[in-house]
Amino acid sequence: MKISNELKNVSDSHNSQQSNIPTAYSLQPAASLPLLFLAPMAGVTNSIFRRICKERGADILTTEFLSADGIMHRNARTQQYLNFVEEERPLGVQLFGGDPERLAEAARAVVDWVKPDFIDLNFGCPVNKVVCRHGGSSLLRDCPTLEKIAQTVVKAVAPLPVTAKIRIGWDEKSINATTTARLLEGAGIQRIAVHGRTRSQGYSGRANWDVIADVVQAVRVPVIGNGDIAEAADVLQHLSTGVAGFMIGRAAMTNPWIFSEIRSLLRGDSLPFQPTLEARWELIRRHCREEIELKKNEAAAMSSMRARLMAYTKGFPGARPLREKISKVSSLGELESLLLPIVEENLQG
Ligand SMILES: Cc1cc2nc3c(=O)[nH]c(=O)nc-3n(C[C@H](O)[C@H](O)[C@H](O)COP(=O)(O)O)c2cc1C
């Protein structure tokens, strides 16, 4: 009952705040429940994993970040990252870079090539390689360029919506998410996802949802909250921020069912049954098979899956000794011989 009332307040406040502005596109569920986003994650959120999450309740998907330069060089690898299937819509392509014209050109090219539903601009990546090239979170320290990038890309791809993903600031002394969000809104950005950490935090400390709540108050465009949603129930403590949606990253790597679990809670239902070990194994096997099919090389595919397998098997009985073996696995048969006995043992139990 408490949950439903909280939700009603959230959706009322959205309706009044957002009545005169276009939503990014039409996928706003009738009941105005917060939307659920799979966070873009480099090396993780390819088409295979995005579909896995979509089937389990993610509303909106985004590619991992792609460099404007990579796009313009028609780099084969970058083009591969642009692949998606129709079932993934609505899908955004995330771009990063530090040069407004170059980013606009890249965005235009992406729109021509693959016709995504929106372009997302990355103003949050903390990685040195990106920051040194004046991309990602480095733009949080250069608001004029950030604004110019947003304006130029919005104009270049109009009427296609452009969204943005930011961190709350460069470091704790320069938390400027509300300023940044206002500039982005003024530049025509239609939705802003906020990861509640500063650049200098990297992934340490806790995401600051108070700042996310301030951003919701500061702008009229939908704000998506991101950071540290480790399990479905975590969203309940953030409903009062008034965010229009929740973005989930690392938790989905371990448990892609988290989206449908969150949706049940948001509807005021109880949590669905946790996926059984058997269901988790089926998912692991399917993911591996699809990667093998994609790469057409089993050893390469399984090697690229190792980090993913670590995440998927978190909480499996005997997970610790398993990890070392998984870190060397090079075929699906080998993985099956490691995991199937555990699954079967637990079936009998
Ligand atoms: C492996 C990994 C790769 C990431 N790659 C991207 C990226 O390409 N673009 C982006 O905007 N954020 C990226 N992020 C950040 C996530 O989108 C998200 O903001 C962050 O993980 C916090 O959310 P979480 O606590 O739900 O994981 C990445 C995070 C991880 C762990």
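This is a predicted model: local features need pLDDT of at least 70, side-chain atom pairs count only at pLDDT 80 or more; totals for chains, interfaces and linings use all residues.
Which residues does Gly245 touch, not counting residues up to four places away in sequence?

**View 1. Gly245 and what it touches.**
Leaving aside residues up to four places away in sequence, Gly245 touches Pro34, Leu35, Leu36, Phe37, Pro222 and Ile224. Take Leu36: it sits 209 residues from Gly245 along the chain, yet the two C-alpha atoms are separated by 5.6 Å. Gly245 itself lies in strand S9. Is Gly245 buried or exposed? It has 20 other C-beta atoms within 10 Å, and a residue counts as buried at 20 or more, so Gly245 is buried.

**View 2. Strand S9 and its two partners.**
Strand S1 (residues 35-38) pairs with S9 in the parallel sense, over 4 bridges. Strand S8 (residues 223-226) also runs parallel to S9, joined to it by 3 bridges.

How many residues of S4 are buried? The count is 6 of the 6, so the strand is largely enclosed by the rest of the structure. Leu91, Val93 and Leu95 point one way, while Gly92, Gln94 and Phe96 point the other way. S4 has parallel pairings with several strands, and you can follow them one by one:

- Strand S2 (residues 61-62) is joined to S4 by 2 bridges, with Thr62 opposite Gly92.
- Strand S3 (residues 66-67) pairs with S4 over 2 bridges, and here Ser67 stands opposite Phe96.
- Strand S5 (residues 118-123) is linked to S4 by 4 bridges, where Leu95 has Leu121 as its bridge partner.

**View 3. The largest nonpolar core.**
This core has 80 residues, and the ones that touch the most other members are Phe37, Leu95, Val153 and Ile192. Helix H7 (residues 143-157) supplies the largest share, 6 residues. Apart from this core lies another one, of 12 residues, including Trp281, Cys288, Met302 and Val329. Zoom in on Val153 and, beyond residues up to four places away in sequence, you'll find it touching Leu103, Ala104, Ala107, Ile119, Leu121 and Val162.

**View 4. Helices H8 and H9 crossing.**
Two packed helices are described by the angle between their axes and the distance between the axes. For H8 (residues 177-186) and H9 (residues 209-218), the axes come within 9 Å and cross at roughly 35°. The crossing is right-handed. On the H8 side, look for Ala177, Thr178, Ala181 and Arg182; they meet Val211, Asp214, Val215 and Ala218 in H9. Sorted by kind, the residues of this contact are 5 nonpolar, 1 polar and 2 charged.

**View 5. Helix H11, mostly tucked away.**
Why is H11 (residues 258-266) described as largely enclosed by the rest of the structure? Because 7 of its 9 residues are buried. Those buried residues are Ile258, Phe259, Glu261, Ile262, Arg263, Leu265 and Leu266. Just after the helix, Gly268 takes a positive phi of about 90°.

Most residues other than glycine have a negative phi, and most peptide bonds are trans. Here are some exceptions. A cis peptide bond joins Arg89 and Pro90, with omega about 0°, and Pro90 lies in the loop between helix H4 (76-81) and S4. Another cis bond runs from Ala158 to Pro159, with omega near 5°; Pro159 is in the loop between H7 and strand S6 (162-169).

As for phi, His134 has a positive value near 65° and sits in the loop between helix H6 (128-132) and H7. With 15 C-beta neighbours inside 10 Å, His134 counts as partly exposed. Asp228, in the loop between S8 and S9, also has a positive phi, of about 70°. It has 20 C-beta neighbours inside 10 Å, so Asp228 counts as buried.

Key:
Residues are numbered from 1 along each chain as its sequence is written. Two strands pair if DSSP finds at least two bridges between them. A nonpolar core is a set of buried Ala, Val, Leu, Ile, Met, Phe, Trp, Tyr and Cys residues joined through C-beta atoms within 7 Å. Two residues are in contact if their C-beta atoms, placed from the backbone, lie within 7 Å. Axes are lines fitted to C-alpha atoms, for helices over the stretch in contact, and angles run from 0 to 180 degrees between N-to-C directions. A crossing is left-handed if the near helix is turned anticlockwise from the far one by less than a right angle, and right-handed if clockwise. Ala, Val, Leu, Ile, Met, Phe, Trp, Tyr, Cys and Pro count as nonpolar, Asp, Glu, Lys and Arg as charged, and the others, Gly among them, as polar.
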